[in-house]
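The exercises below are to be worked with the sequence and the model side by side. Each task is followed by a solution in steps.

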Amino acid sequence: MIKKYFSFDFQVIGKVQGVYFRKFTKEQGTNLGLVGWVENQKDGSVKGVVQGDPKKCEEMIHWLSNVGSPKSKIEKMIKTNEREIDKLQYKDFSVRDDKKQK
């Protein structure tokens, strides 16, 4: 049986910059065995991609929507590009450096 993975893009809006949100997102994703990335956006939000086991992705969706880092205040989490994939596109879960943004 071929293992299927789940993938989704996310954007978290609220007080999510300057509160270690990316660091905690990476830790949570790694602890759940997920891969992907997270980065700050110029508009003050955080966005990223999560891929992995569908049940673990559901746990991550809950975390991104309701938990976050200890000092964050999540207003909403927007989930897009949800799909089933055959192969993971990332090796691990990384924090992308916002200094590289144009």
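**Exercise 1: Valine 12**

Valine 12 is found in strand E1, residues 5-15 (strands are DSSP runs of E of at least two residues, helices runs of H or I of at least four, both numbered from the N terminus). The model is predicted: local features need pLDDT of at least 70, side-chain atom pairs count only at pLDDT 80 or more, and totals for chains, interfaces and linings use all residues. Residues are numbered from 1 along each chain as its sequence is written, and side-chain values use heavy atoms, with hydrogens and water left out.

Task: Is valine 12 buried or exposed, and which residues is valine 12 in contact with, leaving aside its neighbours within four places in sequence?

Solution. Step 1: the relative accessible area of valine 12 is 0%, so valine 12 is buried (buried means under 20%, exposed over 50%, partly exposed in between, with a 1.4 Å probe and protein chains only). Step 2: with neighbours within four places set aside, the contacts of valine 12 are Phe21, Ser45, Val46, Leu64, Ile74, Lys76 and Met77 (contact means heavy atoms within 4.5 Å). Step 3: for valine 46, the separation from valine 12 is 34 residues in sequence and 5.3 Å between C-alpha atoms.

**Exercise 2: The annotated positions**

Task: Where does UniProt place the feature "active site", and in which strand is asparagine 40?

Solution. Step 1: the unreviewed UniProt entry gives Arg22 and Asn40 for "active site"; positions follow the numbering used here, feature names are shortened, and annotations may be inferred rather than shown by experiment. Step 2: they span 19 residues in sequence, yet no two of their C-alpha atoms are more than 7.7 Å apart, so they gather at one spot. Step 3: arginine 22 belongs to helix H1, residues 21-31, while asparagine 40 belongs to strand E2, residues 35-40. Step 4: asparagine 40 counts as buried because its relative accessibility is 8%.

**Exercise 3: The whole chain**

Task: How many helices and strands does the protein have, and in what order do the elements run?

Solution. Step 1: there are 2 helices and 5 strands. Step 2: from the N terminus on, the order is β-α-β-β-α-β-β. Step 3: the radius of gyration is 13 Å, close to the 13 Å from the globule rule for 102 residues, so the protein is as compact as a globular protein of that length (the radius is taken over C-alpha atoms, and the rule is 2.2 Å times the number of residues to the power 0.38). Step 4: buried residues make up 36% of the 102 residues.
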